[in-house]
Amino acid sequence: MAFPLGAPAWAQEAPDTPADRSGAGARTLSTVTVTDGRPTSLPAQIPTTIEGVTRAQIVETVNATDSEDALKYLPSLVVRKRYIGDFNHAVLATRASGTGNSARSLVYADGIMLSNPLGNGATFAPRWGMVSPEEIERVDVLYGPFSAAYPGNSAGAVVDYVTRMPTQLEAHVKLNCFASGFDLYNSHSSPAGQQIDLSLGSRSGDWSWWLSASRTHSKGQALVFGNRLMSAGTVGSAGTPVTGAVPGLNPSNQPWWLVGGATIYDTTQAQAKLKVAYDFSPTVRATYTLGAWNNSTQGGVDTYLRDALGRPVYSGRVNIAGRTYNLDSPSAALAPTETALTHYMHGLTVKSHTGGVFDWEVAASLFDYARDTSRTPTTPLPGAFDGGAGRTTDMGGSGWHTFKAAGTWRPTGTAEGVGAHVVDFGFQQDTARLRTSVGNTLDWMGGPAVAPFSAFNGNTRLQSLYVQDTWRFAENWKTTLGLRHERWEAYGGQLGNATRLLDFAPRKNSYDSPKAAIAWQATPDWSLKASAGRAVRMPTVSELYQGSIDGNRIVNTNPNLRPERSWTTELSAERDLRTWGLDGVLRTTVFLENTKDALYSQALTNLVSTVQNVDAIRTRGLEVALNAVDVGMKGLDLSGSLTLTRSKIAANSGFAASVGHEQPRVPKVRATLLATYRPDARWSYTVGARYSGKQYGTLDNSDTNGAAYTGFSKFFVVDARVRYRIDRQWSAAVGIDNLNNNKYWAFHPYTQRTYVAELKFDL
């Protein structure tokens with residue numbers, strides 16, 4: 001269940017402790033109240049929309065197998081998670097940004113950036129695997145670019161994971177298993193897997209530590225479907241006669257053949273985390289974090305095609321219904337893949353927390369692609385994992401590092417009271433480094449690269465100064481004014497092919513982003529808020545330096561892409577429902593966003609697409625969120641949200657046909673509903689529902705058939721969970737995700753009905 005950070009203290013309960021539902025005490029809807037556990041690190045003093053969930057709420061209500069599952073029922077958020085353990089496509093969508101815009105949101109864990117700043121899109125998803133669900137203390141979301149403490153990637157939202165740090169000896173073991181069925185086209189499988197999570201921590205004197213490890217093995221469904229347009233076949237008898245191809249319509253309603261399923265992942269992931277904290281004094285703490293994440297994946301194939309003797313056919317020229325098709329050209333219809341990834345992250349923070357006149361923080365982090373290799377064949381394959389020539393893609397050496405020095409000044413010594421100021425200021429530097437080398441190999445399954453095929457490299461650096469002042473200028477009024485100055489540069493850009501490596505010229509630019517927010521406690525029951533902010537989202541390395549080489553020229557790329565510049569405004573009214581006989585909060589928010597030079601991939605010629613600037617996108621929306629406890633009876637909690645959005649392309653000189661159409665992957669309607677019933681201290685029963693309306697994947701909205709491979713469909717999904725606390729140490733839970741077995745798409749198919757069971761021990 002999600003609660004705004006202005007919710008009463010029971011919304012910020014201690015982990016696995018029954019909440020105090022009395023609602024005693026006054027509610028101040030624009031003030032954070034935390035009774036136990038670690039508070040959010042978001043700038044919660046800013047009077048704008050922040051929603052959050054605690055560990056206890058996640059444990060009771062969500063079948064959480066990955067850390068991103070904690071966001072499942074928060075308003076206006078959708079994570080494109082295609083299967084359990086999805087490591088490379090689980091992109092976060094927000095109010096005015098779809099699942100193709102990973103660079104328009106920020107994800108942090110204990111101040112360490114998990115967002116992937118190397119690119120924008122599905123393959124640059126946040127590194128969710130660096131956080132296990134069991135170590136989450138709380139998750140909070142700041143909607144919109146209303147804090148000067150964050151760069152322009154906060155245009156959509158800032159997600160903050162706060163993980164556990166023990167105050168006494170504790171140990172946890174959780175065993176998880178999951179199974180599902182998958183039936184689509186001619187693919188019929190039973191994806192399943194297991195997960196184990198171990199953690200141990202304690203505190204002794206000034207030292208505290210936390211050690212955790214988890215391992216997930218999952219087998220997923222087919223994500224890619226080999227296809228050929230029916231019209232592309234040549235009439236005649238050439239090619240091997242085959243049966244089994246499935247007729248269908250592509251997203252543009254063109255008839256095509258589906259010839260098999262591919263990218264059927266068999267994934268093993270392991271994560272380990274060490275956190276050590278030392279208190280130099282009661283008000284100064286140093287924390288070091290070391291995280292390691294390993295992913296090994298085989299992407300199998302399942303051909304539908306059979307020859308006259310019933311043997312499977314994976315490649316070559318085939319004859320389907322009197323037409324000849326080449327399964328190997330222009331690209332392989334069915335190709336297996338292998339990936340092997342090992343990533344590390346380091347984080348060091350020294351921070352004071354006096355709550356008095358002055359506090360300060362110095363923090364640095366590093367995310368390192370120590371090993372990042374993917375492999376695929378290039379020669380026709382008689383079978384799924386037969387050897388042969390292929391290509392390797394090596395991203396080893398890529399990564400990013402951050403630095404922050406910040407202070408908080410409270411001239412009156414407190415954040416409360418009329419005339420109180422809270423001034424936040426600081427310096428930040430974020431540096432991204434991309435190294436990609438594609439090579440030809442004689443053995444795609446394990447051989448080394450023997451000749452270069454292509455390469456592109458580059459770096460970006462963002463240096464920022466910011467200041468913001470939150471001022472309680474009257475008894476029932478509070479305002480925040482902020483300014484962020486950013487100096488951005490891109491350098492070291494290179495693009496190569498098999499014979500040469502060409503350099504891009506470096507770039508430098510500076511930008512300013514003002515922020516403002518104000519809140520009025522109009523009555524004890526009503527709080528009104530308004531926020532506005534500018535966000536400048538810089539181009540990423542991959543957006544700048546993609547392309548190809550023709551002779552001595554670089555083509556099909558634009559290293560001079562302009563940054564996205566967005567102005568976002570929201571107006572909110574929050575209502576304390578106690579005078580209506582309910583213990584809860586109702587929030588209504590109107591949001592508006594105007595974006596210039598939005599970065600999207602669009603057609604450069606009839607055959608080539610590349611990232612270009614879309615002149616203007618305008619978004620208007622309404623978000624309603626409800627959180628209440630003991631609704632109609634003791635122990636029944638309800639939360640829900642409804643988001644209505646109208647996002648249109650207002651101008652686009654590079655693709656005139658897109659003007660007036662909807663922004664890709666931003667549906668007009670999103671909704672969630674979550675109900676939890678606790679008849680006693682042992683049992684909890686939860687039912688959740690999620691809805692997303694019709695959406696498109698193309699700028700001109702020509703893909704009208706969303707219920708197809710590469711399409712984007714609407715969906716309605718129902719989830720259920722039952723948890724039983726056996727005793728003080730043992731608990732068990734069973735759940736079903738997608739109970740109604742909806743078949744829905746976001747380019748790839750999502751999972752169908754999935755059963756989850758878990759057993760947990762807490763010391």
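**Strands, spaces and salt bridges**

Trainee: Which residue in β13 is the bridge partner of L198?
Mentor: Start from β12 (residues 192-204), which is joined to strand β13 (residues 207-219) by 13 bridges and runs antiparallel to β13. Strands here are DSSP E runs of at least two residues, helices are H or I runs of at least four, both numbered from the N terminus, and two strands pair if DSSP finds at least two bridges between them. Look across from L198 into β13 and you land on A213.

Trainee: What kind of model is this?
Mentor: Residues are numbered from 1 along each chain as its sequence is written, and side-chain values use heavy atoms, with hydrogens and water left out. Local features need pLDDT of at least 70, side-chain atom pairs count only at pLDDT 80 or more, and totals for chains, interfaces and linings use all residues, since the model is predicted.

Trainee: Which residue in the turn between β12 and β13 has a positive phi?
Mentor: β12 and β13 form a hairpin, with two residues between them. In that turn, a phi of about 60° belongs to G205.

Trainee: On the β9 side, which residue of β12 stands opposite H172?
Mentor: Strand β9 (residues 170-180) runs antiparallel to β12, and ten bridges join the two. Follow β12 along to the spot facing H172, and you reach S199.

Trainee: Which residue in β21 is the bridge partner of T234?
Mentor: β15 and strand β21 (residues 323-326) run antiparallel, with two bridges joining them. For T234, the partner in β21 is T324.

Trainee: Which residue in the β20-β21 turn has a positive phi?
Mentor: β20 and β21 make a hairpin, and two residues sit between them. The phi of about 55° is found at A321.

Trainee: How many cavities of 30 Å³ or more does the search find?
Mentor: On a 1 Å grid over the protein atoms alone, a cavity is a set of points where a 1.4 Å probe fits but cannot get out, while a pocket is an open set with protein on both sides within 12 Å along at least five of seven lines; lining residues have an atom within 4 Å of a point. Points join across faces, edges and corners, and a volume is the space filled by probe spheres set on them. In the largest cavity that space is about 490 Å³. For the whole structure, the number of cavities is 16.

Trainee: Which element gives the largest share of the lining of the largest cavity?
Mentor: The lining has 31 residues, and K72, V79, K81, R690 and Y744 are nearest the centre. At least two residues each come from β3 (78-79), β37 (636-651), β38 (669-677), β39 (683-692), β40 (715-725) and β44 (754-762). The largest share is three residues, and it comes from β38.

Trainee: What is the volume of the second largest pocket?
Mentor: Look for N88, H89, T123, S374 and T393, the closest to the centre among its 39 lining residues. β18 (255-281), β22 (337-352), β23, β24 (390-394) and β26 each give two or more residues to that lining, and β23 gives the most, with seven. The volume comes to about 1400 Å³.

Trainee: How far apart are the closest N and O atoms in the salt bridge of R678 with E60?
Mentor: A salt bridge is a side-chain nitrogen of Lys or Arg within 4 Å of a carboxyl oxygen of Asp or Glu, and the count here is 39. R678 is in the loop between β38 and β39 and E60 is in helix α1 (residues 55-61), so the pair ties together parts 618 residues apart in sequence. Their closest N and O atoms are apart by 2.6 Å.
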